[in-house]
Amino acid sequence: MGNNIVVFGAGGHTKAVIDTIERQGQYRIVGLLDSHKAAGSDVYGYRILGSEQYLADHREEIDGVIVAIGDNWVRAGIVARITSLCPDFPFVTAVHPGAWIARGAVLGQGTVVMAGAVVNSDTVIGEHGVLYPKASVDHDSRTGDYVTLAPGATTGGNVTIGDYSVLSLGANVIHSVRIGEHTVIGAGATVLADIGGYAVAYGTPAAVVRSRAAGDRYL
């Protein structure tokens, strides 16, 4: 793979991803893609080139893409649109040099690991996830695809988090706990026991307060 990439997104989350990519020093951002903002405007000096159709029209010029959208469900939809337009198009992984990726850890394609985040030994992070600053996933854990750990969210070892789930600001999960898919753990919560899928839980200890459907807004 070459080094020319585009970033999909033009909002606040995109700025944080741009900073991670710039500091990583592995890729050259040639521009941004966005479905809602006009081509020609810019973010941090990077011009918006168009929508995802730009990739199909300039396939030979671009070596990879990363989707910099904060909402897990929306991010997945954009990844699906890009994949439909350009099958097998590579998604790049961005890791801030101030993050710690331990021996044996694995990061899925399209995932972003920001400054101060920790992925400990033999932990597997799924595709298109986000670890915000100072998020930490301890040893031998597994996160699914499109999972977000907000700033300061922390897990113990041997934790499993299902696809599309979120640990909000400062949430803590003790070792060997399982969290289902499409579940949101509220800010500052402490998870001491398994929590199923399609739920919103918060408090200390965390308790399920309501159900949620795939795609429900949480930001």
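What percentage of the 219 residues in the protein chain do buried residues make up? Buried residues account for 51% of them. The model shown is predicted.

**View 1. The whole chain.** The protein chain holds 3 helices and 24 strands. Its radius of gyration is 17 Å, close to the 17 Å that the globule rule gives for 219 residues, so the chain is as compact as a globular protein of that length. The C-alpha trace spans about 50 × 35 × 30 Å along its principal axes.

**View 2. The largest nonpolar core and a second one.** The largest nonpolar core has 27 residues. Those with the most contacts inside this core are Leu131, Leu149, Leu167, Val173, Ile185, Val191 and Ile195. A second core is separate and has 20 residues. Ala10, Val17, Ile18 and Ala94 are among its members.

**View 3. The surroundings of Leu131.** Leu131 is one of the residues with the most contacts inside the largest nonpolar core. Neighbours within four places in sequence are left aside here. Leu131 is then in contact with Val112, Val113, Met114, Ala117, Val118 and Val119, and also with Ile125, Val137 and Leu149. Leu149 is likewise listed among the residues with the most contacts inside that core.

View 4. The structure holds 2 aromatic pairs. Trp73 and Tyr164 form a tilted pair, with 5.3 Å centre to centre and 55° between the planes. Trp73 lies in helix H3 (residues 72-85), and Tyr164 lies in the loop between strand S17 (160-161) and strand S18 (166-167), so this pair ties together parts that are 91 residues apart in sequence. Tyr146 and Tyr164 form a stacked pair, with 5.2 Å centre to centre and 10° between the planes. Tyr146 sits in the loop between strand S14 (142-143) and strand S15 (148-149), while Tyr164 is in the loop between S17 and S18, so this pair ties together parts that are 18 residues apart in sequence. Is Tyr146 buried or exposed? Tyr146 counts as buried, because its relative accessibility is 11% and the cut-off for buried is under 20%. Trp73 has 40% relative accessibility and counts as partly exposed.

**View 5. Asn72 and its partners.** Asn72 is placed in helix H3. Its relative accessibility is 1%, so Asn72 counts as buried. Which residue's side chain does a polar contact of 2.6 Å join to that of Asn72? The partner is Thr148. Asn72 and Val147 are 75 residues apart in sequence, yet 6.7 Å apart in space, C-alpha to C-alpha. With neighbours within four places in sequence left aside, Asn72 is in contact with Tyr146, Val147, Thr148, Tyr164, Ser165, Val166 and Tyr218.

**View 6. Ser168 in its loop.** Ser168 is found in the loop between S18 and strand S19 (172-173). At 16% relative accessibility, Ser168 counts as buried. Not counting residues up to four places away in sequence, Ser168 touches Ala150, Ala153, Val184, Ile185, Gly186 and Ala187. Ile185 is also one of the residues with the most contacts inside the largest nonpolar core.

Methods: Residues numbered from 1 in each chain as written. Predicted model: local features only at pLDDT ≥ 70, side-chain atom pairs only at ≥ 80, totals over all residues. Heavy atoms only, no water. Core = buried A, V, L, I, M, F, W, Y, C linked by side-chain atoms within 4.5 Å. Buried < 20%, exposed > 50% of the residue type's maximum accessible area, 1.4 Å probe, protein only. Contact = heavy atoms within 4.5 Å. Phe/Tyr/Trp six-rings, centres within 6.5 Å; stacked < 30°, edge-to-face > 60°. Helix = DSSP H or I, 4+ residues; strand = E, 2+ residues; numbered from the N terminus. Rg over C-alpha atoms; globule rule 2.2 N^0.38 Å. Polar contact = N/O pair within 3.5 Å; in protein donor to acceptor, adjacent residues only side chain to side chain.
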